[in-house]
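Visitor: I would like to learn how to read helix packing. Please take me through it.

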Amino acid sequence: MRIGELAAHTGLTTKTLRFYEDSGLLPAPPRTSGGYRDYPDHAVNRLTFIRDAQRAGLTLAEIRSILALRDDGQAPCTHVTDLIHEHLDDIDRRMAELAATREALRGLAARAAAADPAACGADDICTILKPSPI
């Protein structure tokens with residue numbers, strides 16, 4: 001199938017398909033005698049996998065590594081499981097950082113609510129953000 005047909009089947013643009021091909025996510029298809037790309041039917045499954053993997057938060061590099069394993073005849077399940085756990089750990093770490101930032105901002109908001117702008121000295125830029133004395 002030609003690139004426009006593949007794009008229509010997958011909901012992707014021809015530009016995206018060319019990018020995936022250039023990036024090694026989609027193997028270069030054979031060409032017709034007229035020089036057009038002639039994708040095999042199974043390219044739809046590969047592109048669906050790529051889209052699903054992206055929705056799961058995997059990067060294109062990670063997706064490429066999964067596809068490379070599959071293309072070498074290996075089941076990538078263990079690798080995918082490891083990637084999922086890495087992403088979960090990263091999300092947990094970021095959530096903890098965001099919770100700490102939220103608490104810090106709540107403290108600053110309380111300080112801002114009690115601040116008197118008239119009490120700011122000429123040398124102070126903003127006393128709300130000034131560290132509290134210990």
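Visitor: At what angle do H4 and helix H5 pack?

Guide: Axes are lines fitted to C-alpha atoms, for helices over the stretch in contact, and angles run from 0 to 180 degrees between N-to-C directions. Helices are DSSP runs (H or I, at least four residues), numbered from the N terminus. Here H4 (60–71) and H5 (residues 77–114) pack at about 165 degrees, with axes 10 Å apart. That makes H4 roughly antiparallel to H5 (over 145 degrees).

This is a predicted model: local features need pLDDT of at least 70, side-chain atom pairs count only at pLDDT 80 or more, and totals for chains, interfaces and linings use all residues. Residues are numbered from 1 along each chain as its sequence is written, and side-chain values use heavy atoms, leaving out hydrogens and water.

Visitor: Which residues of H4 and H5 make the contact?

Guide: Contact means heavy atoms within 4.5 Å. H4 brings Glu 62, Ser 65, Ile 66 and Leu 69, and H5 brings His 79, Val 80, Leu 83 and His 87.

Visitor: Which residues of H3 are buried?

Guide: Buried means under 20% relative accessible area (1.4 Å probe, protein chains only). In H3 these are Ala 43, Val 44, Arg 46, Leu 47, Ile 50 and Ala 53. They pack against H1, H2 (14–22) and H4.

Visitor: How do H1 and H3 cross?

Guide: The axes of H1 (residues 3–10) and H3 (residues 43–55) come within 10 Å and cross at roughly 50 degrees. Leu 6, His 9 and Thr 10 of H1 meet Ala 43, Val 44, Leu 47 and Arg 51 of H3.

Visitor: What follows H3?

Guide: Just after H3, Gly 57 has a positive phi of about 95 degrees.

Notes
Helices (H or I, at least four residues) and strands (E, at least two) are DSSP runs, numbered from the N terminus. Buried means under 20% relative accessible area, exposed over 50%, partly exposed in between (1.4 Å probe, protein chains only). Angles under 35 degrees count as roughly parallel, over 145 as roughly antiparallel, 65 to 115 as roughly perpendicular and the rest as oblique.
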